[in-house]
Amino acid sequence: MSDEKRTMLEEDFAEFSARVRRVCKRAATLTLSAALIAGALLILSVILVFTTRFFLVPSGPASLTQDLVFDYTSTSPVAKASFVREKFGERQSQTSNVRERMLSPRQNFDVEIEFIVPNSEYNFDVGMFQVDAKMKTRQGKTLVDASRPGIVKYTSKEVKWLKTIVWWPLHALGLIDEQQNIQITMVKNYKENAEAPFTDIEVTMKPHAGSTKLPQIYEARAIIHLSMGIFVKILYFYPMTSFVIIVGLLWSSLSCFAFFVTALSLLIMGAQLDETVGLSTSKSREQSKYAGAIADAMDSVVSSQAPEHVNRADLLDEGLRRRNVASS
């Protein structure tokens with residue numbers, strides 16, 4: 001093999017190696033950039049989800065329950081309950097207010113009164129009765145005064161005997177009691193006051209007009225349910241699962257958006273680069289065409305005249321004339 005061919009092969013190999021190195025370097029750069037962008041988008045997704053949970057999901061339990069003990073020595077029995085925990089076995093100071101709140105400010109919640117009453121003939125005769133509830137602060141200020149009716153569901157003797165026959169083994173073992181639950185929603189979607197937090201509740205039972213009878217009860221309780229939408233409930237009751245799913249969806253969406261933006265930018269930059277390269281190529285071709293015309297003119301003048309009589313001005317004029325003819 002001759003030295004000239006060997007030199008050409010070495011030059012080709014060196015050029016190929018340089019191209020491979022450039023491609024590998026560019027691929028490594030793009031991969032590192034994509035990894036950094038993906039990591040940044042993941043961190044952004046986690047921050048957004050944490051921020052959403054902080055502002056939307058309420059803290060604390062979804063419901064609070066306090067037992068009610070009625071005083072039947074009066075014609076209208078009254079029961080009081082506090083939802084604030086007592087410290088060291090003593091009731092907290094009457095002067096503290098905001099620090100004693102049990103719910104976050106501007107949190108919506110429902111107040112419900114539940115009675116567990118026996119299925120007795122006496123309660124069936126009572127039927128309807130009235131329940132009053134007052135939501136108060138620790139200082140005794142009334143926030144809401146609501147009154148709602150309650151009713152003992154009637155069951156005929158035939159249906160009662162049929163249920164007893166069907167469920168008599170469970171009744172004999174004491175697994176089922178002859179009772180029913182009466183649930184009364186007193187306040188719906190109440191928003192916690194930032195300055196006057198709700199802490200206590202006062203419930204009063206009254207007989208309906210024309211009667212002095214009140215229902216016999218086994219238990220009574222006041223229940224507070226936090227008002228939450230479907231999305232907030234999913235975040236509240238399934239914190240880890242919802243966190244992983246929402247972060248994954250948000251990260252995927254942001255990554256797809258970043259990919260499309262990057263691809264669109266590369267396409268626009270490539271089109272502009274192709275346009276620039278095309279303009280430069282056409283300009284170089286035009287310049288080479290004009291240079292060829294000038295060269296042809298110079299050759300014709302040189303061949304028609306003797307070397308000692310060649311005039312440079314004539315050569316330039318002839319070249320410019322051919323250039324104008326070629327351009328037209």
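Asp110 counts as buried, because its relative accessibility is 14%. The model in which this value was computed is predicted. Its mean pLDDT is 77, and 73% of the residues reach 70 or more. Two stretches call for caution. Over residues 87–98 pLDDT stays under 50, and the model has 22 contacts beyond four places in sequence for them. Residues 305–310 also stay under 50, with four contacts beyond four places in sequence.

Side chains of opposite charge can pair when their charged atoms come close. The whole structure contains six salt bridges. In one of them, the side chain of Asp110 meets that of Lys188, at 3.6 Å from N to O. This pair links distant parts of the chain, since Lys188 belongs to strand S6 (residues 179–191) and Asp110 to strand S3 (residues 108–118), 78 residues apart. The two partners can be set side by side: Asp110 is buried at 14% relative accessibility, whereas Lys188 is exposed at 64%.

Asp132 and Lys206 meet at 2.9 Å, N to O. Asp132 is in strand S4 (residues 128–136) and Lys206 is in strand S7 (residues 200–207), so the bridge ties together parts that are 74 residues apart in sequence. Asp132 counts as buried because its relative accessibility is 14%. Lys206, with a relative accessible area of 35%, is partly exposed.

Glu202 pairs with Lys136, and their closest N and O atoms are 2.8 Å apart. Elsewhere, salt bridges with shared partners join Glu114, Glu219 and Arg221 into one network.

The aromatic residues come next. The model has nine aromatic pairs. One of them is formed by Phe109 and Phe198, and it counts as stacked because the ring centres are 5.9 Å apart and the planes lie at 20°, under the 30 degrees required. Phe109 is in strand S3 and Phe198 in the loop between S6 and S7, so this pair ties together parts that are 89 residues apart in sequence. Phe109 is buried at 0% relative accessibility, and Phe198 is likewise buried at 0%.

Tyr236 and Phe237 make an edge-to-face pair, with 5.1 Å from centre to centre and 80° between the planes. Tyr236 is buried, with a relative accessible area of 18%, while Phe237 is partly exposed at 47%. As for Phe109 and Phe198, they belong to one aromatic cluster together with Phe83 and Tyr190.

Asn123, in helix H2 (residues 121–126), is buried, with a relative accessible area of 0%. Apart from neighbours within four places in sequence, Asn123 is in contact with Val117, Pro118, Val152, Pro215 and Gln216.

Phe231 lies in helix H5 (residues 230–237). Phe231 is partly exposed, because its relative accessibility is 44%.

Notes. Residues numbered from 1 in each chain as written. Heavy atoms only, no water. Helix = DSSP H or I, 4+ residues; strand = E, 2+ residues; numbered from the N terminus. Buried < 20%, exposed > 50% of the residue type's maximum accessible area, 1.4 Å probe, protein only. Contact = heavy atoms within 4.5 Å. Salt bridge = Lys/Arg side-chain N within 4 Å of Asp/Glu carboxyl O. pLDDT = per-residue confidence, 0-100. Phe/Tyr/Trp six-rings, centres within 6.5 Å; stacked < 30°, edge-to-face > 60°.
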